[in-house]
Protein chains: 2
Amino acid sequence: MKKIAIDAMGGDFAPNAIVKGAVQAASLLPDDYQIVLIGKKDEMLNCLHDLEYPASKIEMVFATDVIEMHEHPTRAFSQKPNSSIGVGFKLLKEGQVQAFCSAGNTGAMMVGSLFTLRTVGNLQRPPIVGYFPLKNGGYSLMLDIGANADCKPEVLMQFAELGSLYGKFALNMENPKVGLLNIGHEEEKGNTTAQATFQLLKNNKKINFVGNIEGRDLFDGLADIIVTDGFTGNILYKMGEALYEYSATKNINDPLINKMNYEVVGGSPIIGVNGNVIVGHGISTPLAIKNMILLAQKQIESKVTEKIKEVFNN
Amino acid sequence: MKKIAIDAMGGDFAPNAIVKGAVQAASLLPDDYQIVLIGKKDEMLNCLHDLEYPASKIEMVFATDVIEMHEHPTRAFSQKPNSSIGVGFKLLKEGQVQAFCSAGNTGAMMVGSLFTLRTVGNLQRPPIVGYFPLKNGGYSLMLDIGANADCKPEVLMQFAELGSLYGKFALNMENPKVGLLNIGHEEEKGNTTAQATFQLLKNNKKINFVGNIEGRDLFDGLADIIVTDGFTGNILYKMGEALYEYSATKNINDPLINKMNYEVVGGSPIIGVNGNVIVGHGISTPLAIKNMILLAQKQIESKVTEKIKEVFNN
């Protein structure tokens, strides 16, 4: 039995939206999967009360505490071991669950990833991977989209390697093309970090580097893996989300713009750590939670985390 | 008589698109304005041959040389004093024209701005201002959108001051709200540059600082002036342009998205230098050129460049 844990207390509409989304996912998961709801007993039971679901597919683990959205991540994580996030990482670390998802405090999810699971091999910083929609109907993977605001060239190079492995194993991309997000295609363009990173990527034999990618190329699929720091990546990604929200109010119904809706993919994996961790948007709806859980299932099936471990530990 | 010079040789579709756009603008400019086309004699005459226009409104100044799009800006600018860009800056510096516009090599336009015109007062780096469309139908001003890939906090603070003056005098914004582009609203969020810049902006009495602006806020008008470095600003701005281009192919006709079309504003001013300089997109069409010239006219009328000079030289 494989188990996907979900933080029932994380997110602006928790626990209701989380429990509803988990129930929706439950009926879609294969028979050998179970969802583990983590959170306060009474609140979870209240939410489950009126819902119909296959009881065998949803398990509960109780957590007495909650890390709120705006708490200081490191402090809250260490001071609240019985929070839903604290318990989730404990279960994941012990192998009692195969993935842990939360729409709660992203910083605390990073802290748990770093200090409970730890990074693979010599990886300095784990990135958050964003699914960035393309005109051709597919996605490119953008990393980092928010975990690391300042990134040295070496860190960006590791993102390129990690992203390539994620694309290859989780999304079956063949020899994924790596692009460096920059302000010109020429190799001397960009800020000092981008210039130095270009040289590292160009000389890296582990990746298929195709050069710089500009803002105007983002929807064209010139690259499968888009390497950038968590500052620029986060702002771009959120601008896309804002654009979708605006379009929805204007009844624009377009396949590319619709996929800028965070609910479609549902979550963003934190990769390069010893476990499957997925973070969701604070405003996650049941639909988003359902899709985040299905993303976790695919990630477990793909064994991408084990592959990344294997490569980075050698 | 006020004169607006335009580089007839600059841009992927020069000189044809430039001359056509200039002719379109000519009939829209007030009587006391003239357009000065700068470029190779035969090529300009060829383009003008089949067009009808009020002869008194278009003047020609001949330049024997051209700085190509991918030439090294500093080298080309110094080695080609008789290029259309070189001649344009000479005319502007001498006061023979009141503005100079080009859709050619942006780097060379920056070099001319820096070394021929020079920056005002103690300004370290002149930014390029992007008109960023808002849901409410207006624009916020984003700076920098590409001239300065690396920006220290002090430089970003000067952008905030410059942008405020530009908003106030060129766009009649009352007490323009300044926002710092960042990855969270809280003051401790962001990369080290953003964190340090926040403190400078917070303590700056010359501006109306409203705090951090996230990617998801960009269309909401929380700020009139959006401060960012030319790396992030450029990528965002170009992503907007790409989105418009995509939308046009899908027959999406929406007022906000339509204004992401670079042709609507037509150009982006380089501000904080001793003269009115506007740069255009390399792919500029006649429509874009026409609007760039009309933007130059408005900028001249507003006397914003003189106001900025006045404030920064004191």
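Select B:Pro15 to begin: this residue of the predicted model lies in the loop of chain B between strand S1 (2–7) and helix H1 (16–26). Helices (H or I, at least four residues) and strands (E, at least two) are DSSP runs, numbered from the N terminus.

Next, select B:Leu143 and B:Asp144, which are joined by a cis peptide bond with omega near 10 degrees. B:Asp144 belongs to the loop between strand S6 (139–143) and helix H6 (153–170) of chain B. Most peptide bonds are trans, and most residues other than glycine have a negative phi.

Turn now to A:Asn172, in the loop between helix H6 (153–170) and strand S7 (177–181) of chain A. A:Asn172 is exposed, with a relative accessible area of 67%; exposed means over 50%, buried under 20%, and partly exposed in between (1.4 Å probe, protein chains only).

Display both chains. Chain A can be laid on chain B by a turn of 180 degrees and a shift of 0.0 Å along the axis, with an RMSD of 0.0 Å (superposed by least squares on the C-alpha atoms of residues with pLDDT of at least 70 in both). The two copies are therefore related as by a two-fold rotation axis. To locate this axis from chain A, select A:Thr232, whose C-alpha is the nearest to the axis in that chain, at 2.8 Å.

Select the contact between the chains (heavy atoms within 4.5 Å). The contact takes 39 residues from chain A and 39 residues from chain B. The area buried between them is about 3400 Å², of which carbon and sulfur atoms give 71%; buried area is the accessible area (1.4 Å probe) that two parts lose on being put together, summed over both.

Finally, select B:Lys238 and A:Glu214, whose side chains meet in a salt bridge (2.5 Å, N to O). A salt bridge places a side-chain nitrogen of Lys or Arg within 4 Å of a carboxyl oxygen of Asp or Glu, and the count between the chains is four.

Residues are numbered from 1 along each chain as its sequence is written, and chains are lettered from A and ligands numbered from 1 in the order in which they are written. Local features need pLDDT of at least 70, side-chain atom pairs count only at pLDDT 80 or more, and totals for chains, interfaces and linings use all residues, while side-chain values use heavy atoms, with hydrogens and water left out.
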